[in-house]
Amino acid sequence: MTDGVDMTMRVHSLIGGDEVAASDTFEDIDPSTGQPLASVARGGAVEIDQAIEAARQAQPRWGAVSAADRANALRGLASLIEGDRDQLALMESRDTGKPLAQAVADAKVAGRYFEYYANTLEAFFGRVIPTAPGVMAYTEPVPLGVTGHITAWNYPMQILCRTIAPAIAVGNAVVVKPAEEAPLTSTHIAKLVLEAGIPAGVVNVVHGFGEEAGAALAAHPGIDHLSFTGSVEVGSTVSKAAADNVTAVSLELGGKSPNIVMADADLDKAMPVIAKSVIQNAGQTCSAGSRLLIHQSLHDQAVAGLADIFGAVSMGPGPSDPDLGPLISATQLERVVGYAETAGAAAVGGKPPTDAELAGGYFFPATIFDDVDPDSRLAHEEVFGPVLAVIPFTSDDQAVEVANATEYGLIAAVWTQDLNTAHRIGGQIQAGQVYVNTFGAGGGVEFPFGGFKKSGYGREKGFEALAGFTQTRTTIIKLD
Ligand code: NAD
């Protein structure tokens with residue numbers, strides 16, 4: 001299988017249907033080896049201007065296309081992505097280091113976004129509002145116009161499709177600034193958009209650095225909405241820039257999501273899911289289950305069982321499809337090592353491997369820290385690595401208090417065999433999604449997704465995203 005990526009290939013931006021080379025380029029690094037993978041256009045304010053202009057030109061015509069025709073185009077795009085699934089997956093695996101099987105799953109979900117919004121867009125319409133006799137009032141969802149999208153590197157393909165599918169489904173045109181660490185699949189998918197018959201200019205991709213192309217997009221008066229996925233710090237920066245133009249923003253930020261295991265939980269079912277929730281994508285998932293809140297009565301059994309699972313995890317380059325690939329970059333490895341060094345002795349893992357065959361890559365093993373102090377940095381801050389913090393509790397109130405104690409509120413899971421406990425505990429958790437006896441990191445196209453507190457605001461996925469990319473016009477008619 002070949003993904004056609006090599007250093008002789010330059011990855012260009014795609015503006016108004018044309019590939020555009022910037023005057024400068026940057027190297028895209030393979031995290032499994034630390035070696036250059038491709039050379040990418042370093043776009044900036046000029047390319048952002050051009051892309052917004054192309055989107056402005058394209059949007060009125062695309063917004064006027066019938067819902068049925070837009071749905072057909074999105075369906076066509078979904079099947080093109082499905083047709084290129086293996087190629088996209090290998091490209092993503094090399095670009096991010098994620099295990100190949102996980103990249104295949106991501107490619108499937110990427111296509112599914114267009115299929116889902118093709119299905120739902122025709123069922124998304126306004127209401128007639130009952131009011132006084134002789135008055136007719138109705139609402140219509142109206143596209144926002146041109147929407148800007150800044151994406152993160154951890155699930156580049158999925159996040160791109162998650163954010164642009166609902167936006168174009170309801171008739172917007174988009175300008176995307178992908179994360180510079182993993183730019184490859186965005187351009188490929190933008191080309192498939194054209195192949196699906198969606199007009200040039202509806203989807204534009206400008207590659208470049210956050211402080212250059214990203215900042216130019218966030219501050220641009222020509223966008224009507226900004227969807228941002230990334231860190232709290234940059235989310236706050238881009239929303240300030242957007243505020244100067246009164247541009248609406250939705251923020252999908254970080255998390256420190258807990259698996260809360262009650263005394264009556266089925267531990268055998270819970271443990272593999274808990275392990276996967278923080279090992280998948282090397283823990284670089286906004287909704288990773290990075291905290292295990294475990295009832296004291298199950299603590300020893302749970303830690304022993306998880307230690308067995310974590311200890312057996314295979315590590316290697318993403319395309320070789322291990323359980324655990326590398327972290328995305330040297331910077332990210334340094335960050336994870338920094339947390340591990342200050343967290344004391346690990347129960348499992350805790351130090352980068354020394355194996356010769358992994359040299360050069362940004363590898364960090366599946367790691368457990370047990371009996372973590374609930375007030376420590378490890379209990380509160382997002383590590384973004386395969387690192388589990390285990391915190392025992394003895395009462396329901398304590399479990400809820402610790403679960404809600406971080407500044408984040410993205411997702412949570414409650415493990416119990418009692419439906420009453422599930423409702424009682426789940427209903428007190430400050431998080432945008434609460435799972436019971438399962439954990440949903442990364443999946444669930446149909447489920448509205450977004451944070452409480454500093455995990456952000458606005459909702460992507462599900463029907464909610466269609467509302468997020470429209471504005472409501474209400475027409476009130478006085479009849480004779
Ligand atoms: P980041 O904030 O550094 O970068 C995200 C994006 O912002 C990139 O495209 C980057 O180029 C751009 N950017 C950086 N500086 C910018 C600036 N000054 N102006 C405009 N754009 C700028 O985030 P990261 O470290 O790449 O990603 C990891 C973070 O993203 C984690 O906190 C993770 O939890 C979060 N995340 C959240 C979700 C979600 O859906 N909630 C999904 C994935 C990742």
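Start by selecting Leu306 in this predicted model. Show everything it touches, setting aside neighbours within four places in sequence.

**The main core**

Now widen the selection. Leu306 belongs to the largest nonpolar core, which has 61 residues. Val261, Leu306 and Phe310 are the residues with the most contacts inside this core. Colour those three, then ask: which helix gives the most to the core? Select residues 267-279 to see helix α9, which contributes seven residues. In soluble globular proteins, nonpolar side chains tend to be buried together.

Next, select Ala78, Met157, Val170 and Val176. They are among the 43 residues of another core, which lies apart from the largest one.

Switch to a surface view. Pick Val128, Met136, Ile477 and Leu479. Together they make a nonpolar surface patch of about 320 Å². Ile477 sits in strand β20, residues 470-478. Is Ile477 buried or partly exposed? Ile477 counts as partly exposed, because its relative accessibility is 33%.

**The cysteines**

How many disulfides are there? The count is zero. Select Cys161 and Cys286 to check. Cys161 is in no disulfide, and the nearest cysteine sulfur to its own is that of Cys286, 16 Å away. A disulfide needs the sulfur atoms within 2.5 Å. Both side chains are worth a look for burial. Cys161 counts as buried, because its relative accessibility is 0%. Cys286 is also buried, with a relative accessible area of 17%.

**Salt bridges**

Move on to charged side chains. The whole structure holds 16 salt bridges. Take Glu82 and Arg85 to begin with. They form a salt bridge, with the closest N and O atoms 3.1 Å apart. Glu82 is partly exposed, at a relative accessible area of 40%. Arg85 also counts as partly exposed, at 23% relative accessibility.

Now centre the view on Arg112. Arg112 is partly exposed, with a relative accessible area of 26%. Glu115 is partly exposed as well, with a value of 34%.

The other partner is Glu446, where the closest N and O atoms are 3.0 Å apart. Follow the chain to find it: Glu446 lies in the loop between β18 (433-436) and β19 (456-457), while Arg112 lies in helix α4. The pair therefore ties together parts that are 334 residues apart in sequence. Glu446 is partly exposed, with a relative accessible area of 34%.

For the last stop, select Asp24, Arg42 and Glu212. Salt bridges that share partners join these three residues into one network.

Methods
Residues numbered from 1 in each chain as written. Predicted model: local features only at pLDDT ≥ 70, side-chain atom pairs only at ≥ 80, totals over all residues. Heavy atoms only, no water. Core = buried A, V, L, I, M, F, W, Y, C linked by side-chain atoms within 4.5 Å. Buried < 20%, exposed > 50% of the residue type's maximum accessible area, 1.4 Å probe, protein only. Helix = DSSP H or I, 4+ residues; strand = E, 2+ residues; numbered from the N terminus. Contact = heavy atoms within 4.5 Å. Patch = residues over 30% accessible without salt bridge, like charges linked within 9 Å, V, L, I, M, F, W, Y side chains within 5 Å. Areas by Shrake-Rupley, 256 points an atom, 1.4 Å probe, with all protein chains shown as cover. Salt bridge = Lys/Arg side-chain N within 4 Å of Asp/Glu carboxyl O.
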